[in-house]
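Please open the structure in your viewer and keep the selection tool at hand.

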Amino acid sequence: MAKTFFRLQKFLRRTQFLLFFLTAAYLMAGSLLLLQRTRLVIQQGSRGTFTNQALLVPDGMAGVGIVDPRMLQNPQPGPRLLVGMDTLQEPALDQRHSPRWLVSRNSELRQLRRRWFHRFISDQEPMQTAGFKAMKHTAEHKGAYVGCFSEDSRERTLKGAVFYDLRKMTVSHCQEACAERAYTFAGLAYGAECYCGNRLPATPSKPEECNSECKGEKGSVCGGVNRLSVYRVEELRAGARRRRNVIYRGCFRAPENLTDTFPASLIQPNLTVEMCSEFCSKKEFPLAVVRGRECYCGYPTGRFPLHDGTDGQLCTGAHDAGSTAQGRYCRVYQTPVQDTRCTDRKFLTTKSKGFVALSSFPGAGNTWARHLIEHATGYYTGSYYFDGALYNKGFKGEKDHWRSRRTICVKTHESGKTEIEMFDAAILLIRNPYKSLMAEFNRKYAGHLGYATDRTWKSKEWPDFVNSYASWWASHVLDWLKYGKRLLIIHYEDLKQSLIPKLKEMVEFLNVTVTEDRLLCVENNRDGNFKRSGAKQKDFEPFTQEMKDLINRYILTVDEALRGRNFTGLPREYVPR
């Protein structure tokens, strides 16, 4: 036994083996330290502790307070370098912006931030498909079950409204959604898709062919492959009617031939807005037009685009048969019915030749822009990430690999030379940094549709967040201007104000031809499913003076960079705050 240990000792003393052993031990120790560091960074990610970044700033701006908005129009030449700081509370702001280059973001931290920012939505929303009791069609659902029907996806009968929820769809949810929009029937397919309408599909199918379990309700049937489980929801409509909204769109000059412009009409001696809206809803039209005793139903079209409203006083006497304005002006109302002329979407049938990014800073309206592009082109958009909440609501490109080239463009928040140069072109969406920071802070702490609490806004999380993200807003634009091959710059504010012209630019950039009626349909459905309801006003100013000084400098930096590339500068409304 002693001889064995002696020989082993001599063997270990050999120089080459000892060097190999030490190298292996060093690598193992380094791996353990890297794993521990990774865990720490991910845990600290929610506090916004990202790496510093370097930005250009015009000479003479460091250390200045609120920026003069006139400097946006005439930025001073001679850029200097603006370096990100560690804390907003540190004094000597000028020292943090010393004129020197700082190395671009560490790639490892960028990967960690990507995972933190786009962690799977199930961390915030627990799975709700478990624990449901088995239910029969007629036992507990409020609507009356009609039967299983065959449905052609290319020409649907129930096409009044379409909803998706690939994780939490239930029969009751679909019924209530259709009832609130004044439809008679609700149909479910594929376990997750809901369709509304006022006419039954023509072809009944065997009951067993509707065999897809509802994604959010175990034991309940939600159609099947090209099969609809159809319910009659008229019983629910009386209760839902008081919740339905009829929106006044304004007073407009009536087209010369209303019969040719609008497919359906009604003449009633004592016509009311409610009567006209109910009539048009049953006919599955999104617009109800009232002129005296006449009611017309239809869509926004080239003949009647709803772009040039007139003085509302011209329509005040439109209900009076003796009014001189009766024949020339009409009142227009939005019914609860969805405009479905642009809701059909699909993947590209052949791989796209150009690889186009839809790039933006988080909180700049990327999801809204995807909604507009998908409905305008009829093709799904992809994503560099996977967001379960978006996928569940119908953004099916979320689950498709981002390099498949089956989508019309790919969402990304990434920056950096490598991440940018793999795209052939990009639509760069820019939003006011003040609004972007607040929107992303709300998303981070309350989801896509929620609002962060006042307590969260007043905590240390908010200044840490601004400290980390404000420089990212600027560096994101600067990187794409520097490394992007072919860019279309779209300002979020311009897209909101001039939707059709800006959307045309985006569609043409994507080499897709669309009709005017489809664009008008998109405008009629402009909000989509991911718009926060209303503007929740806070009783305090979230941005301190130090934050404003910092953000305004970044605004000047980006504005100068845009003008240097012969693009339109930032809108003047961005500063001051």
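Select the hairpin of S13 and S14 to begin with, where 2 residues lie between the strands and Gly292 takes a positive phi near 60°. Strands, like helices, are DSSP runs numbered from the N terminus, with at least two residues (E) for a strand and at least four (H or I) for a helix. The model you see is predicted, so local features need pLDDT of at least 70 and side-chain atom pairs count only at pLDDT 80 or more, while totals for chains, interfaces and linings use all residues. Residues are numbered from 1 along each chain as its sequence is written, and side-chain values use heavy atoms, leaving out hydrogens and water.

Next, show S13 (residues 287-291) together with S14 (residues 294-298): the two pair in the antiparallel sense over 5 bridges, where pairing requires that DSSP finds at least two bridges between two strands. Leu287 stands opposite Gly298 in S14.

Which residues of S13 are on each of its two faces? Leu287, Val289 and Arg291 lie on one side, with Ala288 and Val290 on the other, and all are buried (under 20% relative accessible area, with exposed over 50% and partly exposed in between, using a 1.4 Å probe and protein chains only).

Then move to helix H9 (residues 273-282), where the buried residues include Cys276, Phe279 and Cys280. H9 is followed by Glu284, which has a positive phi near 65°.

Finally, select the whole chain, which has 19 helices and 20 strands, and in which 51% of the 577 residues count as buried.
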